[in-house]
Amino acid sequence: MTSSEIRQHYLDFFRSKQHLIVSSAPLVAKNDPTLMFNNSGMAQFKDFFLGNGTPPAKRVADTQKCLRVSGKHNDLEDVGFDTYHHTMFEMLGNWSFGDYFKKEAIEWAWELLTGVYKLPKDRLYVSVFQGDEKDNVPFDQEAWDLWKPIVGEDRIILGNKKDNFWEMGDTGPCGPCSEIHVDLRPQEEVDQKPGKELVNADHPQVVEIWNLVFMQFNRKADSSLEPLPARHVDTGMGFERLCMAIQGKKSNYDTDVFTGTIRVIEELSGQTYQGTMEKSDVAMRVIADHIRAVSFAIADGLVPSNVRAGYVIRRILRRAIRYGYSYLGFTEPFMTKLVPTLALQFAAVFPELNAQRDFVATVIREEEISFLRTLGQGLRRLDQIIGQLTDTGKDTIDGETVFELNDTFGFPADLTALIAREQRLKIDEEGFQNALAQQKTRSRKDAASSASDWVDLMDADRVEFVGYDFVEADSHLVKYRKV
Ligand code: ATP
Ligand code: MG
Ligand code: MG
Ligand code: MG
């Protein structure tokens, strides 16, 4: 089954269960000051759970573009090093707004996984919330009783509050979750150790694929729980992980979601992807992952900049550029060349990228040109610094130096930290923040008199927010109208 078919089957399945299929919300969260990026399928429906607004239907399903690079969910550091956490990923989801509840959600999940996708039943485990006396939340007997005749007691795991209880915040809707995990190890390994013992243990082949959240309580300000008048279902399944399971692969990167992009990286670099922990393989995974996050973020209206969400995108892009430069020998723009493949691959499901692919490729190319101009020099300077530190037996790069690398060579602090970590060194994060704060005070004074309508991307430091309005581009300058 191809990844496109897998996605289509999901949507068709829930359509056949009377769900309305809706579009993904943009990656960049709109009208939600608490969220920078959409990081789960439910984010766009948050208001409905809070009782504000009416959902378009009582049953809804979709695939949502998610980005987990900031805040509560930040998986950036795992990317490249494990095989199943991405920055951007698709979350397949089905929702019930005060309509069906646990019985249907559980039975349909099982029907889809084992009946439609034909995942072997003896490789699936489910978790049920064990309860938490201290926090006044009960064991989810109902889910246990529903799962038991389906999978048998042996395949049910009890989960704690961290993994199996969902809350929107300190107060508000909340409820237990039931997750589905899949064991993809070779049979010999399964015979030696039951998969049940490896659930939620960071094993790369025993992974969580689907989270079913049952919203049934409202937490009040005095922290007591009351039953919600209308109970809801919110599910989220990692699409790339599902593809790995169905296609019988060991890694998300071995599925057809990523192989097209990896093939282009192989052609451009002249190296072959082996799927190991070697630097060049890590680099290919990072690049294949990051180009998606960056391309779709730009297509959804964000441009790399030095502030807020734009800076997150810039940092992700620079992280990938540095991996390519250091481990695959890319000294010229290369990320930009991956855009057409990606745009075509996703044209049917997320047409916004294909519709703007030249624009996206241009923005990425300009970012690459700008960063590559100083990257080599910066890396040499960093090597020097690291050499001096190790000579003197120190293990921390001081804040002023991290600031200098940022200011002079465009090295975001987390990039410096990443390179330092490869040499078993740390950075002084606090010192860096202090140096940065001082510079901000200085430049605010400078900028007070120059309030032009136009900003150059290369000089975006002083801009509060650079919006969507692309105006013109030549090889050295991309211009945007300030919004
Ligand atoms: P994990 O424990 O693996 O980090 P999670 O419990 O944080 O996952 P949920 O918030 O429950 O994830 O999200 C629902 C589903 O989305 C997960 O079951 C998983 O399949 C998928 N998912 C979560 N984070 C990622 C990611 N960074 N990359 C790819 N898929 C993800
Ligand atoms: Mg997680
Ligand atoms: Mg989890
Ligand atoms: Mg989960």
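How many nonpolar, polar and charged residues make up the shell around ligand 1? Keep that question in mind as you look at this predicted model. By class, the shell has 5 nonpolar, 6 polar and 5 charged residues. The chain itself is assigned two regions, domain 1 (3–252) and domain 2 (258–481).

**Around ligand 1**
- Ligand 1 is surrounded by 16 residues, and the closest are D75, F89, N211, G236 and G238.
- Two or more residues of this shell come from each of β5 (88–96), β10 (206–219), β11 (225–238) and α7 (239–246).
- Strand β10 gives the largest share of the shell around ligand 1, with 4 residues.

**Where the two domains meet**
- The centres of domain 1 and domain 2, taken over C-alpha atoms, are 32 Å apart.
- Contacts link 20 residues of domain 1 with 19 residues of domain 2.
- On the domain 1 side, β2 (59–67) and β3 (69–70) are the elements that give two or more residues.
- The largest share of that side, 3 residues, belongs to β2.
- Sorted by class, the domain 1 side has 10 nonpolar, 8 polar and 2 charged residues.

**A pair of helices**
- Helix α13 (residues 357–392) and helix α14 (residues 399–409) have axes that come within 10 Å and cross at roughly 165°.
- Angles over 145 degrees count as roughly antiparallel, so α13 and α14 are roughly antiparallel to each other.
- The crossing of α13 past α14 is right-handed.
- From α13, the contact uses T374, Q377, G378, R381, L382 and I385, while α14 brings T401, L405 and F409.
- This helix contact has 4 nonpolar, 4 polar and 1 charged residues.

Methods. Residues numbered from 1 in each chain as written. Chains lettered and ligands numbered in written order. Predicted model: local features only at pLDDT ≥ 70, side-chain atom pairs only at ≥ 80, totals over all residues. Near = placed C-beta within 6 Å. Nonpolar A, V, L, I, M, F, W, Y, C, P; charged D, E, K, R; others polar. Axes fitted to C-alpha atoms, helices over the stretch in contact; angles between N-to-C directions. Parallel < 35°, antiparallel > 145°, perpendicular 65-115°, else oblique. Left-handed = near helix turned anticlockwise from the far one by under 90°. Contact = placed C-beta atoms within 7 Å. Domains from an automatic or database assignment.
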